[in-house]
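Please brief me on this protein model.

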Amino acid sequence: VKTRTVQSPKDLKTPWVTDSDLTLSWAAVRGATDYVVRLQPPAGEVTETEKGPTAPERRITGLLPGTEYKISVEAVGSEGRSSPSHIKIATKPLRAPFDLAATSITDRTLQLSWPAVPGATDYRVTMDPPDGEVTVARNAIAESKREIKGLQQGKEYQLTVLALSPVGSSAPSEAFVVKTRALAAPSSISPSTVTDNS
């Protein structure tokens, strides 16, 4: 008697990949009522698409940027499970920060902010010239803002930001130029108060 088995999924593809999630698809397996998707190293969350469990596709979210994963897919049917099929895929590198903005600008300090980068766990700010000090609370390193202190008054600075994650860093943002405020110049001495000793 020939035993019926569930066929392994074929033609695994990733039609959509970002730095933190992807869509995985494959050719439908006849008789499959569900599919089991696993990642190595274990990461992220596998969810069904709106087409349901029998559809030959899954969405995987919460991945690390710039990381290679080995993904296996098994078909599940009334006769049991198929042997797994595999595909290797790397997520895209961490996105570079963009849309830098400066607020609360004084003669010595400023607040720098930008939209959060998905997957980033920290950020590094560089400045040219390197006069000031970048400060951030220890519990706020993942927040997309930094305070910069100790700057020179009335001076122009070029700032860039890198996004950091456990597996590396992004490319730097485009340079953002900002100028600190200049203190008002002291009022000039009246000529009538100046004596000529020559």
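Which kind of link do the side chains of D34 and R58 meet in? They meet in a salt bridge, with 3.0 Å from N to O. A salt bridge here is a side-chain nitrogen of Lys or Arg within 4 Å of a carboxyl oxygen of Asp or Glu. This is a predicted model: local features need pLDDT of at least 70, side-chain atom pairs count only at pLDDT 80 or more, and totals for chains, interfaces and linings use all residues. Residues are numbered from 1 along each chain as its sequence is written, and side-chain values use heavy atoms, with hydrogens and water left out.

**Overall form**

- The protein has 0 helices and 16 strands. Both are DSSP runs, numbered from the N terminus: helices are H or I with at least four residues, strands are E with at least two.
- Its radius of gyration is 28 Å, well over the 16 Å that the globule rule gives for 198 residues, so the protein is more spread out than a compact globule. The radius is taken over C-alpha atoms, and the rule is 2.2 Å times the number of residues to the power 0.38.
- The C-alpha trace spans about 125 × 25 × 25 Å along its principal axes.
- Of the 198 residues, 36% count as buried. Buried means under 20% relative accessible area, exposed means over 50%, and partly exposed lies in between (1.4 Å probe, protein chains only).
- Take the contacts between residues at least 6 apart in sequence: 59% of them join residues at least 24 apart. Contact means heavy atoms within 4.5 Å.

- Two strands pair if DSSP finds at least two bridges between them.
- Strands β2 (residues 22-27) and β5 (residues 57-61) run antiparallel and are joined by 4 bridges.
- In this pairing, L24 stands opposite R58 in β5.

**Salt bridges**

- By the rule above, the count comes to 10 salt bridges.
- R58 is buried at 3% relative accessibility, while D34 is partly exposed at 28%.
- R95 forms a salt bridge with D19, with the closest N and O atoms 3.3 Å apart. R95 is in the loop between β8 (85-90) and β9 (101-103), D19 is in the loop between β1 and β2, and they are 76 residues apart.
- D19 is buried, with a relative accessible area of 2%. R95 is partly exposed at 42%.
- R59 and D21 also form a salt bridge, with the closest N and O atoms 3.4 Å apart. R59 is in strand β5, D21 is in the loop between β1 and β2, and 38 residues separate them.
- D21 is buried at 13%, and R59 is partly exposed at 29%.
- A network of salt bridges links R38, E74 and R81.

**A buried serine**

- S72 sits in strand β6 (residues 68-77). Its relative accessibility is 11%, so S72 counts as buried.
- Leaving aside neighbours within four places in sequence, S72 is in contact with V36, V37, R38, P84, S85 and H86.
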